[in-house]
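Biologist: I'd like to walk through this structure with you. Can we take it piece by piece?

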Amino acid sequence: MLRIVLKIDGERIVDLDPVLGYLHRGVEKICENGDWHHAISNCDPLEYAASMFSEAMPVLAAEKLLDLEVPRRAEYIRVLAWELNRVASHALFIGWLALDLGGLTPILYGFIERDEIVEMLAALTGQRVLFNYLRIGGVNGDLNHDFMSRLGDWMGHALHRIEDQQRLLNANEIFVRRTKGLGIVDRDIARRTCLSGPVLRATGVPYDVRRAHPYSVYPELDFEIPTREEGDSYARYLLHLDEIKQSIRIIDQVLHQMPDGPVMAKIPRLLRIPPGRAYISVESPRGQYSCYAMSDGSDQPFRLRIHDPSFFNLQAVGLVMPGNLIADTMAVMASLDPIMGGVDK
Amino acid sequence: MDENRDPGRATNLTPWGQQVSNTGGDEPVAGRGDPPAMGSDQPSHVSDGLVSGARDRAVMEPIVVPNTAWVPADPAAYGGGQPPHVAHLRELEFADKSDNGRWGALDAIPTKADYVLDLIRLNSLWPLLSGLACCALEMMSAATSRNDMDRFGMFPFRASPRQADVLIVAGTLTTKMAGPLIRLWEQMPEPKWCVAMGDCTTSGGRYKRSYATVEGIDRIMPVDVYVPGCPPRPEGLIYGMMKLQQLIKDRRGHWPERAVGPTVPTGI
């Protein structure tokens, strides 16, 4: 829920002011009151379109503070879950972008894609949206037959679906005219407002946390960082399509390289995290999702500061919108893809 | 405006969720649901015992603008409101001039037509497109291809409250969003229903201990159906909406009983 106050001159936007806080739920404060395991499920609803990434925050921070080695099978399962969730989120992005431009059909295709993936992840984790699957030291359960059969079905036609999306929108005259050349984020704006993720990569900067600050088993996987030069809404849309293809490529490799072994490290039941500070970051569908955690040696996090890319990507809207038409506000907002749960926390 | 519009209800509610007891008309009232005067925490007649000092009371006196634009035909009946243009409908209204009836004037003529109207209403429930948080994803999922809510007559999600019948509160309701949400609810025309989707809206859920959330929307607005789950599956939402259809079919005439708090009858 986001409120935007526009200052207009006729149909043109002069100034723009987003009003935040309609979804402020006090997640960071709640995390301090529960222990580290509770923080996993409390961080889940931050980025609810891709909650596998936001729930990784306390997990990775605690593992870094514990200096814990996670079993390799667990790391591969995590990467598998992350990339599946990225595809689901990107499919929703394409649907929402077209929906905000007035096209109803792509959201139906996007939700078919997303529902297949979340049903698959529900077979693995037991939940469709807020998975609560990652654990400090591994994951909650091993891959099961239901998940693998659903994944096999989906892999058979995943790339075909992306081509369907391309045929639907890439050459659609209305879609192209309402996205091309609109909402141009250049590198200067991107640097000033700390942008990351597809919004940054659409300006030509090949920055991806998976390559820039590798974590988990991403160094062992072969994938590219797609970029675009234009920086407009259309470039961001095309970039999402490219990223879905790269994610499918990663999933394919993960399935071929998946090692055997346990999925949980041995950790004590009452987990006391050694005192200290840790900064970790992952590449979420919307950019660099990072966390600065402080522990005072107890079983509760002393402070869990979440850096959500949606908040920073939303800053760009105030810089790119002036001069554009009112009707394009929704289109540009959708192409920046903020998730308000992460913006307001 | 019309202070005797709803005499059956003991308490009114401001958009801020405070309960304000009905005033008998002996003191001037700015209007139902109007915000309290700037700088005051509570309306004057509530805070009389709490706040002492003439200065505070002077600040909290509501400003009454005298009506010079038009003259109502019967000021006592409508509280200064506009009389209806169709005269014969006025005669059919209840003796206490209240608006408690679900269908207004039509309630005076109980016929089979009302039953048919109910059937029509329950088979074309138009929900309001108002997703607040995570549950909105599942609400959208319920509306799109895979779990097609349209099959059961909950057809289009309307973007305007004036065209909507059902308010599906999908997601955590924060204290900042509570005012706008109640405004949306009050802008919806009768007959209207409310579905609380998800744990956050039924009881507070995982954010019960948060400083920024409302612990269940039934603290601030009436709810017809609760759908638990965090978030509920789309099938769960569709099941809840079908229960709402059953409720619409069964609960004719109980409309004035609807009050703030749980109103779901036993057996549903």
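Modeller: Let's start with one pair. In β4(B), B:Cys194 is the bridge partner of B:Leu167. Helices (H or I, at least four residues) and strands (E, at least two) are DSSP runs, numbered from the N terminus. Residues are numbered from 1 along each chain as its sequence is written, and chains are lettered from A and ligands numbered from 1 in the order in which they are written. This is a predicted model: local features need pLDDT of at least 70, side-chain atom pairs count only at pLDDT 80 or more, and totals for chains, interfaces and linings use all residues.

Biologist: In what sense do β3(B) and β4(B) pair, and over how many bridges?

Modeller: Strands β3 (residues 166–170) and β4 (residues 193–197) of chain B are parallel, with five bridges. Two strands count as paired if DSSP finds at least two bridges between them.

Biologist: Through which helix does the chain cross from β3(B) to β4(B)?

Modeller: Through α7 (residues 175–187) of chain B, and this β-α-β crossover is right-handed. That means that, with the strands pointing away from the viewer, the path from the first strand over the helix to the second runs clockwise.

Biologist: Why is β3(B) called largely enclosed?

Modeller: Because five of its five residues are buried. Buried means 20 or more other C-beta atoms within 10 Å of a residue's own; exposed means 12 or fewer, and partly exposed is in between, with C-beta atoms placed from the backbone.

Biologist: Which residues sit on each face of β3(B)?

Modeller: B:Val166, B:Ile168 and B:Ala170 are on one side, B:Leu167 and B:Val169 on the other, and all are buried. In a regular strand the side chains alternate between the two faces of the sheet.

Biologist: Zooming out, how many helices and strands are in chain B?

Modeller: Nine helices and five strands. Along the sequence the pattern is β-β-α-α-α-α-α-α-β-α-β-α-β-α. Chain B has 268 residues, and 29% of them are buried.

Biologist: Where is the cis peptide bond?

Modeller: Between B:Cys230 and B:Pro231, with omega about -15°. B:Pro231 lies in the loop between β5 (225–227) and α9 (234–250) of chain B.

Biologist: New topic. How many residues of chain A and chain B are in contact?

Modeller: 23 residues of chain A are in contact with 24 of chain B. Contact means that the C-beta atoms, placed from the backbone, lie within 7 Å.

Biologist: And which element gives the most on the chain A side?

Modeller: α6(A), with five residues. α1 (27–33) and α6 (105–125) of chain A each supply at least two residues of that side.

Biologist: What about α6(A): how many of its residues are buried?

Modeller: 15 of its 21, so α6(A) is mostly covered. Its length agrees too: at 1.5 Å a residue, its 21 residues should span 30 Å, and its end C-alpha atoms are 30 Å apart. The expected span is 1.5 Å times one less than the number of residues.

Biologist: What comes just after α6(A)?

Modeller: A:Gly126, which takes a positive phi of about 95°.

Biologist: What is the strand order in the open sheet of chain A?

Modeller: β5-β6-β7, three strands with antiparallel pairing. β5 (276–284) and β7 (301–307) are the edge strands, as each pairs on one side only. Six bridges join β6 (residues 287–295) to β7(A). A:Met294 stands opposite A:Arg303 in β7(A).

Biologist: Last one: which residues is A:Lys64 in contact with?

Modeller: Leaving aside neighbours within four places in sequence, A:Ala278 and A:Ile280. A:Lys64 is in α4 (residues 56–66) of chain A. A:Lys64 and A:Gly276 are 212 residues apart in sequence and 10.0 Å apart in space, C-alpha to C-alpha. A:Lys64 is partly exposed, with 18 other C-beta atoms within 10 Å.

Conventions:
Contact = placed C-beta atoms within 7 Å.
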